[in-house]
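Let us work through a structure by question and answer. Each reply ends on the value or name asked for.

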Amino acid sequence: MSTMITTARVETATPARFMGQLCKHFAHRIPASHDETHGRIEFADALCELEAQEGVLVMRLTAADEAATARMQRVVADHLLRFAFREPPQVVWREG
């Protein structure tokens, strides 16, 4: 089994707010935590690490295989887009 790592750099004026919303939302069902600049969401078959930088939310997803990667990319992006519905950002995942 090979581990896949993908990263999305999402431009937004409020990266820390969206990171917090994602972590708080998922924390109701799975382990998730965050501080002012970093977050961590522990899915059953993937890990999403978040970093709020100036004007950018960096999301790094580590998953067990291609199927889990594709599924979790959709889950994380869909939730982010729900929270950012007023100005939906573009979420593009890249390897590495």
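Predicted model: local features only at pLDDT ≥ 70, side-chain atom pairs only at ≥ 80, totals over all residues.

Q: Is T12 buried or exposed?
A: The cut-off for buried is under 20% relative accessible area. T12 has a relative accessible area of 14%, so T12 is buried.

Q: Which residues does T12 touch, not counting residues up to four places away in sequence?
A: Contact here means heavy atoms within 4.5 Å. On that basis the partners of T12 are F18, G55, V56 and L57.

Q: How many aromatic pairs does the structure hold, and why is the pair edge-to-face?
A: The structure holds one aromatic pair. The rings belong to F26 and F43, with centres 5.0 Å apart. Planes over 60 degrees apart count as edge-to-face. The planes of F26 and F43 are at 80 degrees, so the pair is edge-to-face.

Q: How many residues apart in sequence are the parts that the pair of F26 and F43 ties together?
A: F26 lies in helix α1, residues 15–26. F43 lies in the loop between β3 (38–42) and β4 (46–53). The pair therefore ties together parts whose separation in sequence is 17 residues.

Q: Are F26 and F43 buried or exposed?
A: Residues under 20% relative accessible area count as buried. F26 falls in that class, and F43 does too: both are buried.

Q: At what angle do α1 and α2 pack, and how far apart are their axes?
A: Two packed helices are described by the angle between their axes and the distance between the axes. Helix α2 covers residues 66–83. α1 passes α2 in a right-handed crossing. The angle is about 120 degrees, and the axes are 10 Å apart.

Q: How do the residues of the contact of α1 with α2 divide into nonpolar, polar and charged?
A: On the α1 side the contact is made by R17, F18, Q21, L22, H25 and F26. On the α2 side it is made by V75, V76, H79, L80 and F83. The division is seven nonpolar, three polar and one charged.

Q: Which residues is H79 in contact with, leaving aside its neighbours within four places in sequence?
A: H79 lies in helix α2. Its relative accessible area is 12%, so H79 is buried. The contacts of H79 are L22, H25 and F26.

Q: Where is Q21, and is Q21 buried or partly exposed?
A: Q21 sits in helix α1. Its C-alpha is 15 Å from that of E87, which is 66 residues away in sequence. The relative accessible area of Q21 is 28%, so Q21 is partly exposed.

Q: Which residues touch the most other members of the largest nonpolar core?
A: In soluble globular proteins, nonpolar side chains tend to be buried together. The largest nonpolar core here has 24 residues. The elements giving two or more residues to this core are β1 (4–11), α1, β4, β5 (56–63) and α2. The residues touching the most other members are L22, I41, F43, C48, L50, L57 and M59.

Q: Which residues does M59 touch, not counting residues up to four places away in sequence?
A: M59 is one of the core residues that touch the most other members. The partners of M59 are T6, T7, A8, V10, L22, C48, E49, L50, V76, L80, V91 and W93.

Q: Is M19 buried or exposed, and at what relative accessibility?
A: M19 is found in helix α1. Its contacts beyond four places in sequence include H34, T37, L50 and L57. M19 and T37 are 18 residues apart in sequence and 8.3 Å apart C-alpha to C-alpha. M19 counts as buried, at a relative accessibility of 0%.

Q: Which residues does H34 touch, not counting residues up to four places away in sequence?
A: H34 is in strand β2. With a relative accessible area of 35%, H34 is partly exposed. Its C-alpha is 22 Å from that of T69, 35 residues away along the chain. The partners of H34 are M19, G20, C23, K24 and G39.

Q: Which residues is P31 in contact with, leaving aside its neighbours within four places in sequence?
A: P31 is in the loop between α1 and β2 (32–34). At 48% relative accessibility, P31 counts as partly exposed. The contacts of P31 are R40, I41 and E42.

Conventions:
Residues numbered from 1 in each chain as written. Heavy atoms only, no water. Phe/Tyr/Trp six-rings, centres within 6.5 Å; stacked < 30°, edge-to-face > 60°. Helix = DSSP H or I, 4+ residues; strand = E, 2+ residues; numbered from the N terminus. Buried < 20%, exposed > 50% of the residue type's maximum accessible area, 1.4 Å probe, protein only. Axes fitted to C-alpha atoms, helices over the stretch in contact; angles between N-to-C directions. Left-handed = near helix turned anticlockwise from the far one by under 90°. Nonpolar A, V, L, I, M, F, W, Y, C, P; charged D, E, K, R; others polar. Core = buried A, V, L, I, M, F, W, Y, C linked by side-chain atoms within 4.5 Å.
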